[in-house]
Amino acid sequence: MSTVYEDRFADLAAAPAPGRQQQVVERLKALLPPHALLFREEDVRPYECDALSAFRQLPMVVALPETEEQVVGILKACHELEVPIVARGAGTSLSGGSMPHAAGVVLSLAKFNRILAIDPVARTARVQPGVRNLAVSEAAAPYDLYYAPDPSSQIACSIGGNLAENSGGVHCLKYGLTVHNVLRVRGYTVDGEPVEFGSEALDSPGLDLLSLVIGSEGMLAVTMEATLKLVPKPQLARVVMASFDDVVKAGDAVAGIIAAGIIPAGLEMMDRKATVAVEEFVHAGYDLDAQAILLAESDGTPEEVAEEIVRMETVLRESGATRIQVSESEAQRLLFWSGRKNAFPAAGRVSPDYYCMDGTIPRKNIGRLLADIAAMEDKYRLRCMNVFHAGDGNMHPLILFDANDPDEWHRAELFGAEILELCVEYGGTVTGEHGVGIEKINSMCVQFSPEERAAFFAVKRAFDPPGLLNPGKGIPTLARCAEYGKMHVHAGRLAFPDLPRF
Amino acid sequence: MSDSSSQAALARLREQVLAAHEAGKALRIRGGDTKGFYGCEPRGDSLDTREYRGIVAYEPTELVITARCGTPLAEIEAALAEKGQWLPFEPPSFGEGATVGGMVAAGLSGPGRQSAGAVRDFVLGAAMLDAQGRALNFGGQVMKNVAGYDVSRLLCGSLGMLGVVAEVSLKVLPRPAATATVSMPLDRPAALRLLNEWAGRPLPISASAWLGGTLALRLAGARAAVDAAVAFFAREHGAQQLDGEVHRFWAAVREQTLPFFDGLPGAGSAGAEPGAGGAASLPLWRVSVPSVAPPLALPGEELIEWGGALRWWRSDAEPRAVREAAARVGGHATLFRGGDRSAGVFAPLSPALMALHRRLKAELDPKGIFNPGRMYPDL
Ligand SMILES: Cc1cc2nc3c(=O)[nH]c(=O)nc-3n(C[C@H](O)[C@H](O)[C@H](O)COP(=O)(O)OP(=O)(O)OC[C@H]3O[C@@H](n4cnc5c(N)ncnc54)[C@H](O)[C@@H]3O)c2cc1C
Ligand SMILES: Cc1cc2nc3c(=O)[nH]c(=O)nc-3n(C[C@H](O)[C@H](O)[C@H](O)COP(=O)(O)OP(=O)(O)OC[C@H]3O[C@@H](n4cnc5c(N)ncnc54)[C@H](O)[C@@H]3O)c2cc1C
């Protein structure tokens, strides 16, 4: 494995002391039935990674509790024995957020998969953490309501994981991220104490700890129940598909739509490499001559949609679109989207492996960053496809590589790190929606100063004094950043960690 | 404001913070002091943010504005209006001098909260002056970012207890293409029932206010959608479309200048004196509840906003009775203006949450210099 990899991985891979596993297993045996406790190598193997499969670590123990009492018991036992705990939902994190700790317990919440209540009048869903994102919208559908945040992984990912990552999706340009759609979280702190953040009212007294816990990557508390906001299903949705002969023009069209005062329900871009790859896969009739395709969705009442579609078409045409198609039916709308939605599996078909990045930049820099990425393809001798949430400036370059070739993986990592640095340089951030996890911990050194990181640690200490919840993720230590700084120059790029941003 | 004078203003703030930290002395952070009435009694030496002002960046196509804390809210609103944009959560100013830093620290939202979201939903990033006088940046200037803990949202409504909100980046939105206001006579239970029913349907309701048997709804969005909704409310509920300067009514709801608010300390309506008699002498409670909560059985007068989720009460009920009535339906009550503030104005926290508050305060402001006691008397 690469040096970058080993560096970031060292703390999590440190083997438990002799006899430690047995001690923890004995303790947990008293709390859990035998089938809910895994510790043999072959049994814990399925938990060694999340969807970022390049990073792997066998956990010491996996616990699969079935009752809340068991969760509390596990937390108390781990707290007392000072064992790291990594909460795990569906394991679809793309940043290694749920990757285990060699001397820790994976707390799987998969069995807490019940929707406890749907209240159509209050427009809320009360759910357990292991409920799949899409299941919430399915349960709300009979009331013409749905849960707005729709990560592409929504068939599989859990609400607990969505909260931890503050997940977003195609619709969050208009409907917000997870943080905008959650009213209340009930859970436990590291020592097994019950806590409740937010409420079913629109605000609660004291500091807004709900906002703090959402997006905290399982490092502040364990979610056991959430009250989610449901919103009315729009009566109608239609999508405009526009082709461009130049990615920069397509990027400018995105800014143009927003400048015209339109907030589309979704505004996504695919570059030519991506459309070619997905067209083979889904046969959506994409324009294979286009250098970039934009998908702009409008939703609302039929009157609103008709008005907005005309306005979007005008802007797209003025921005130099070479071809424009508007979906004429729901089936056609879904077909237009199918390519975008299947971009990841399509990437998996054209390359043995792909590394999905996640950075956000001001929209005006989209064209610039795409041009930079094209140059980096030569520099790192790897191909990169781009499918992303253009309306939010949330980029998802997919770097194609072959994991069987360690040098390719090494180059892919450096390629990714350089993209993230450019995101920061262009006024953006190192992660839009996938979280920092273990993957971007080094890039955090570029975005945050030592004082800022110290403040993050202060927040962590307030919630988790012994530092047992998902340790080693999210916030890099000073030592790690010093180390990264050295490697970084070695990798041939100057970092600007101390650029004043204030 | 020139860059060098704003840097000098920041340096002065920093020096004052450092000196206070050194001496372990309390600082009372203030902008325009329009919300001085809010929270528990302010203490400490005044730290005035108004010199550190100015819009740092505003690009309409990015839908983001970044401004220094002392920038008057009115200046921000004017800059946005020029480009057809606005702060859709409609923060109340409660006076002319309101600053953007105070807006974030107070965390209050106006009528637009019902449809657009709260202040915290629009804060993308913030810089904070910590107890050591250091400027720390959290969040960013882009819509989506999950790097590190979301300290910038934590600062929303923190009442300055964690540090000085020095600079903020806010998401802004285009103004709706069209708006209209309709009103209809409805009793309280019917208004609450219908508000919840409508909220579950794709209707462009952007604000609501019920007072004294009349419900007003503001509709906003595409022209066609607003017209269709006006027709719907006229047909189904006999609603009348209000014309004239209706925006002034919504401004009066937001700024608490309706006669309902008369006679309260800090309330903007002209001529009224505190304790002028009748409702005017009663304290104002802000009762935040789930929108489906049934009418609260409290003595006094009520103004209902946010689709039923925000209930303002002019009431002489015992504080305990108000808090219990709110808690019974899953909400909480704040003694917003007037009344006896010595025992605290916000609903008490659970022991677990209070412990987290104490630890956060101790970690970020170890000597307790920032607005001590403003949120909770012993915090
Ligand atoms: C093909 C694909 C497409 C994707 N598309 C998107 C996308 O469009 N948008 C997006 O935002 N993400 C996307 N993701 C990433 C991923 O699906 C999300 O981050 C998701 O929220 C993770 O949920 P999970 O249940 O799988 O969590 P896990 O991977 O199990 O865990 C993620 C993090 O959450 C923590 N956690 C989980 N449950 C709890 C709990 N109950 N309490 C406390 N902490 C907890 C874990 O400790 C870990 O830090 C995609 C992933 C894949 C594989
Ligand atoms: C909840 C509600 C209750 C209403 N009750 C009545 C009513 O009982 N009788 C009636 O004739 N019309 C009532 N109306 C209609 C409303 O007063 C006006 O039609 C609307 O505000 C526009 O008036 P304008 O353009 O003249 O505004 P302006 O006269 O410019 O109104 C703005 C100023 O008048 C005051 N004001 C406006 N509306 C109200 C109000 N409703 N209650 C108290 N002060 C107000 C405010 O101080 C504000 O600063 C009500 C409207 C609402 C939303």
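**Figure 1. Salt bridges across the model.** Count the salt bridges over all chains and you get 52 in this structure, which is a predicted model.

**Figure 2. A buried pair in chain A: E68(A) and R186(A).** These two form a salt bridge, and their closest N and O atoms are 2.7 Å apart. Which parts of the chain does the pair tie together? E68(A) sits in helix α4 (residues 68–81) of chain A and R186(A) in strand β8 (residues 182–188) of chain A, so the bridge links parts that are 118 residues apart in sequence. Both E68(A) and R186(A) are buried.

**Figure 3. A loop meets a helix in chain B: E51(B) and R12(B).** Here the salt bridge has its closest N and O atoms 2.2 Å apart. E51(B) belongs to the loop between β2 (45–48) and β3 (55–59) of chain B, while R12(B) is part of helix α1 (residues 3–23) of chain B, so parts 39 residues apart in sequence get tied together. E51(B) is partly exposed, with a relative accessible area of 44%, and R12(B) is partly exposed too, at 42%.

**Figure 4. Another chain B pair: R358(B) and D378(B).** The closest N and O atoms of this salt bridge are 3.5 Å apart. R358(B) comes from helix α11 (residues 351–364) of chain B and D378(B) from the segment after α11 of chain B, so the two parts being tied together are 20 residues apart in sequence. Buried or exposed? R358(B) is partly exposed, with a relative accessible area of 37%, whereas D378(B) counts as exposed at 51%.

**Figure 5. A salt-bridge network in chain A.** Shared partners join E68(A), R126(A), R184(A), R186(A), E196(A), E200(A) and E225(A) into one network.

**Figure 6. Helix α11 of chain A and its buried face.** This helix has 17 residues (302–318), and at 1.5 Å a residue it should span 24 Å; its end C-alpha atoms are 24 Å apart, which agrees. Which residues of α11(A) are buried? They are V305(A), E308(A), I309(A), M312(A), E313(A), V315(A) and L316(A). Look down the axis of α11(A) and its buried residues fall within an arc of 165°, so they line one face of the helix. They pack against β12 (236–244), α9 (247–259), β14 (292–300) and β15 (323–326) of chain A. Over on the other side of α11(A), R317(A) and E318(A) are exposed. After the helix comes G320(A), with a positive phi near 95°.

Methods. Residues are numbered from 1 along each chain as its sequence is written. Chains are lettered from A and ligands numbered from 1 in the order in which they are written. This is a predicted model: local features need pLDDT of at least 70, side-chain atom pairs count only at pLDDT 80 or more; totals for chains, interfaces and linings use all residues. Side-chain values use heavy atoms; hydrogens and water are left out. A salt bridge is a side-chain nitrogen of Lys or Arg within 4 Å of a carboxyl oxygen of Asp or Glu. Helices (H or I, at least four residues) and strands (E, at least two) are DSSP runs, numbered from the N terminus. Buried means under 20% relative accessible area, exposed over 50%, partly exposed in between (1.4 Å probe, protein chains only). The expected span of a helix is 1.5 Å times one less than its number of residues. The arc is that of the directions from the helix axis to the C-beta atoms. Contact means heavy atoms within 4.5 Å.
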